[in-house]
Amino acid sequence: MKLVDHFQYGLNSPICLTWELTYACNLSCAHCLSSSGRRDPRELSTAEAKAVIDELQRMQVFYINIGGGEPTVRPDFWELLDYSIAHNVGVKFSTNGLKIDKKRAAQLAATDYVDIQISLDGATPEVNDYVRGPGSYDMAIRALENLAEAGFAQPKISVVMTRQNVDQLDEFKAIADKYGAQLRITRLRPSGRGADVWDELHPLPSQQKQMYDWLVDRGDQVLTGDSFFHLSAFGEALPGLNLCGAGRVVCLIDPVGDVYACPFAIHENFLAGNVRDEGGFQRVWESSDLFTELRQPQTGGACQSCMHYDACQGGCMAAKFFTGLPLDGPDPECVRGFGEQALAARGDDHVIPKSDVNHSRTKLGKKSPVLLQLSMGRPDAPSTGPRVSGRPDRACETSPLAGMGASDTDSGLRLPVAGS
Amino acid sequence: MSTKSAESAGAAGVGDFDPGAPYRCSPQVSLRPEPFGALVYHFGTRKLSFLKTLPLVEVVKGLEDHPDVHSAIEAAGVEEAQRPAYLKALAGLAASGTIEARQ
């Protein structure tokens, strides 16, 4: 049996485990895959998080990808980082750079087995801040400067590829080289708030080919999180795992301990269990109904007869789901154009599944990205100029007490962090 | 790209790896049993690799108990005909730092 076939049937432990430590975030990126903003009061406590780390150590999970939200706004973030490393679970964490000052940079440079990914979605402030919010470009660059000055070896610059930044690939590489960093590019998914802006941000078909050609030339220097496997249908397979790893080699633990099949699938349909349940994470990984189902042989559905099926395996489950396409059909960004046909064929009355897990701030501030302000504007409002009023999505949205504990999923409590 | 990797593998195979010498699994490496063999993670290089058969896992684990690589392969019960393939795999593991010469 080929190795990739073994992966289809699942592994004893995940290879790529993402753990979003908090939904709290100082930014409000327009395309946030986890719809982050406000802390969830049910967040795992320090002790619970440490118990999860103990379990991951027993399962020999080699490292975890920590994200959020902005994970460093958790007051116990640095404690959990040290605890994890001390328990042989390496840490790669994603940050917008908020807390990476000179002192932290020096501390991190002296820590083994920690990797840092600084998120940057434009090689210029104009392109970056449009989706990530004003000041976020400078914040990321400052963090990179601090890390370089402290001698932190090879941080990652993590870029979500959009229609607006595909042409900047060489510039991103130049920024990475300047700071001794490694470039990592990943695919935009229509997950979380990404669903609201996907139509406007996702790369055009011609840009897909542009990314593919760029990756074929530089695939050995650039990380991708294996997220572009749908592009392998253009020709030669890209380096990495060319397979949807959801529930097989990949999964997500969210801030409240819910375990989802993948970081881009925060929706009840892909919820396998919770680390607080009896048997903990291990039971969810080994024997939850959802993960067992995902490890069954896939038939390929509508894609089965396509000559490229072996290369792309039908693409990304989350991308299909959150664009309202069937899971056994083509990816919305199928390089042969079948995805576009499927999108066009959805009909006017199609329903796009919406996650009920949403921690977005309901009021936008000065630091909100232009795109978010536009997309949250009322559809019937004139489209000139950014709007600051959010679309009311709760009954008491306009009340001054809105969000103060009225919802059982969100206390409305905000962490006192910059930009909030 | 393919030329480059072929060169580096060749260089390591011929130059650095000596199956007549004592080896061990790197102390920076963690092996995790999987149905097909084992997953290997090197905490230093952050590289993930695979031991694709169960006997290869035995060989790698047994290296430090044997005076040389050949005897570790023999002890794991690898058939004569398969030994060249195992030596090639082990040369690759030496090149990636998964296994290393020991004093």
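# Reading a strand sheet, a contact and a helix

Author: B:Tyr41 has B:Leu48 as its bridge partner in β4(B). This is a predicted model, in which local features need pLDDT of at least 70, side-chain atom pairs count only at pLDDT 80 or more, and totals for chains, interfaces and linings use all residues. Residues are numbered from 1 along each chain as its sequence is written, while chains are lettered from A and ligands numbered from 1 in the order in which they are written.

Reader: In what sense do β3(B) and β4(B) pair, and over how many bridges?

Author: Strands (E, at least two residues) and helices (H or I, at least four) are DSSP runs numbered from the N terminus, and two strands pair if DSSP finds at least two bridges between them. Here β3(B) and β4(B) are antiparallel, with five bridges. β2(B) and β3(B) are also antiparallel, over six bridges; B:Leu31 has B:Val40 as its bridge partner in β3(B). A hairpin of two residues connects β2(B) to β3(B).

Reader: What is the strand order in the open sheet of chain B?

Author: In a regular strand the side chains alternate between the two faces of the sheet. In chain B, the three strands of the open sheet are ordered β2-β3-β4, with antiparallel pairing. β2 and β4 of chain B are at the edges with a single partner strand each, so one side of each has no neighbour in the sheet. From one strand to the next, the twist averages 20°.

Reader: Which helix lies across β2, β3 and β4 of chain B?

Author: Axes are lines fitted to C-alpha atoms, for helices over the stretch in contact, and angles run from 0 to 180 degrees between N-to-C directions. α2 of chain B, residues 54-62, lies across these strands and runs at about 45° to β3(B). Along chain B from the N terminus, the elements are α-β-β-β-β-α-α-α-β.

Reader: Which residues of helix α3 of chain A are buried?

Author: A residue is buried if 20 or more other C-beta atoms lie within 10 Å of its own, exposed if 12 or fewer, and partly exposed in between, with C-beta atoms placed from the backbone. In α3(A), residues 77-86, the buried ones are A:Phe77, A:Leu80, A:Leu81 and A:Ser84. They span an arc of only 105° around the axis, which places them on the same side of α3(A); the arc is that of the directions from the helix axis to the C-beta atoms. Their cover includes α2 (46-58), β2 (63-67), β3 (90-95) and β4 (114-119) of chain A. After α3(A) comes A:Asn88, with a positive phi near 60°.

Reader: What share of each chain is buried?

Author: In chain A, 48% of the 420 residues count as buried; in chain B, buried residues are 27% of 103. Chain A has 15 helices and nine strands.

Definitions and conventions
Two residues are in contact if their C-beta atoms, placed from the backbone, lie within 7 Å.
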